[in-house]
Amino acid sequence: GFNGTPFYAWILSVLLHNTDITWDELIWLGLLDVFLMMVAFGFVAWAWDVKTAAIVVLFFCANFPNRFIHMGGSILRFDYIAMLIIALALLKKDRFGLAGVCAAWATAERAFPGVFAAGLALKAGIDLLATRKLQRQYLYFGVAFAGTLLVLFGLSLTLGETMSAGVDNWQDWWANMKEHTRHTRGFRTGFKHMFMMDGNVTDKYRFAGWSKKTELFEAPSHYYWLTMLVLFAPLLVAARKLDAVTFAAIFAATSFFTLTIATRYYYSMMVLFLLVDRELFRDRKQLLLAAVLMLTAAWLTKIS
């Protein structure tokens, strides 16, 4: 069912209030995401270069989970990733305060983009331990992020008839999401599925049902968390050598893919891997990563 946050519902209520249901209105509403993504790609060209923006556009637009059957005619299904892309571009241009505002908007709408802010907070903490000094840019981001979240939360409370009804909306959303994220489905993606196999490889047409997969995950869950430790350890060790943009991009994309089992069109988060602060066409590792992402998109299209 509908799993958007109360803030997302508030935005839709503002957009659709007194809107006539006509063909022209539906076309313009459906183009909102196209416009937002064009703005986001423009920020990439501004902060990096046109070539990098072109690669980002190719990956994003050729990504099978974004196909029309799921996303066509939708309203604000990509605003969260547009805001995260813009936030990274602003970080690269040392506009940490504005980046905090964009990251807060994405978090208020979809919750899981909060891993972006968590990554930057972790980077700030590691730098603080090493230098005994909190860099002002991280403080700007943190204050802007927290302040914007409070404002957006306040706006979402106006969706109910009373303030308490607005709070109830968030409580209902939280209860719904707990159940929603506890189970997986056939159209979701995420590393957790590697720990949901029943071990039967003799019959290619047989697989554990999706409710069964939730049960299968509980037994080896400690191995999953041990794997997370192994996967994230190199990133944490290298945190001091990585700039804020690179660490935030890698941490956010990796956390999304390993810690969640989101509906497959959220795989768009992987575009953040292309926005580490490296010269895409000169850094061999970054070029290889881009090639792997492109091949993944091609593979998903082929098998689906």
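Start with helix α6, residues 79–92, and helix α13, residues 244–259, in this predicted model. Select both. They pack at an angle of about 160°. Their axes lie 9 Å apart. The angle is over 145°, so α6 and α13 count as roughly antiparallel to each other. Look at the crossing next: for α6 and α13 it is right-handed.

Now show side chains at this contact. From α6, pick Leu88, Leu91 and Lys92. From α13, pick Val245, Ala248 and Ala249. Colour these by class. The contact of α6 with α13 has 5 nonpolar residues, 1 charged residue and no polar ones.

How far apart are the end C-alpha atoms of α6? They are 20 Å apart. At 1.5 Å a residue, the 14 residues of α6 should span 20 Å, so the two values agree.

Bring the rest of the structure back as a surface.

Step off the end of α6. Select Asp94, just after the helix. Asp94 sits in the loop between α6 and α7, the latter being residues 96–110. Check its backbone: phi of Asp94 is near 60°, a positive value in a residue other than glycine. Is Asp94 buried or exposed? Its relative accessibility is 58%, and the cut-off for exposed is over 50%, so Asp94 counts as exposed.

Which loop holds it? Arg132 lies between α8, residues 114–131, and α9, residues 136–157. Its phi is positive, about 60°, although Arg132 is not a glycine. The relative accessibility of Arg132 is 71%, so this residue counts as exposed.

Select α8 and α9. They pack at an angle of about 145°, with axes 10 Å apart. The crossing of α8 and α9 is left-handed.

Show the contact residues here too. On α8, select Phe116, Ala117, Leu120, Lys123, Ala124 and Asp127. On α9, select Tyr138, Phe141 and Phe145. Apply the class colours again. The contact of α8 with α9 has 7 nonpolar and 2 charged residues, and no polar ones.

Key: Residues are numbered from 1 along each chain as its sequence is written. This is a predicted model: local features need pLDDT of at least 70, side-chain atom pairs count only at pLDDT 80 or more; totals for chains, interfaces and linings use all residues. Side-chain values use heavy atoms; hydrogens and water are left out. Axes are lines fitted to C-alpha atoms, for helices over the stretch in contact, and angles run from 0 to 180 degrees between N-to-C directions. Helices (H or I, at least four residues) and strands (E, at least two) are DSSP runs, numbered from the N terminus. Angles under 35 degrees count as roughly parallel, over 145 as roughly antiparallel, 65 to 115 as roughly perpendicular and the rest as oblique. A crossing is left-handed if the near helix is turned anticlockwise from the far one by less than a right angle, and right-handed if clockwise. Contact means heavy atoms within 4.5 Å. Ala, Val, Leu, Ile, Met, Phe, Trp, Tyr, Cys and Pro count as nonpolar, Asp, Glu, Lys and Arg as charged, and the others, Gly among them, as polar. The expected span of a helix is 1.5 Å times one less than its number of residues. Buried means under 20% relative accessible area, exposed over 50%, partly exposed in between (1.4 Å probe, protein chains only).
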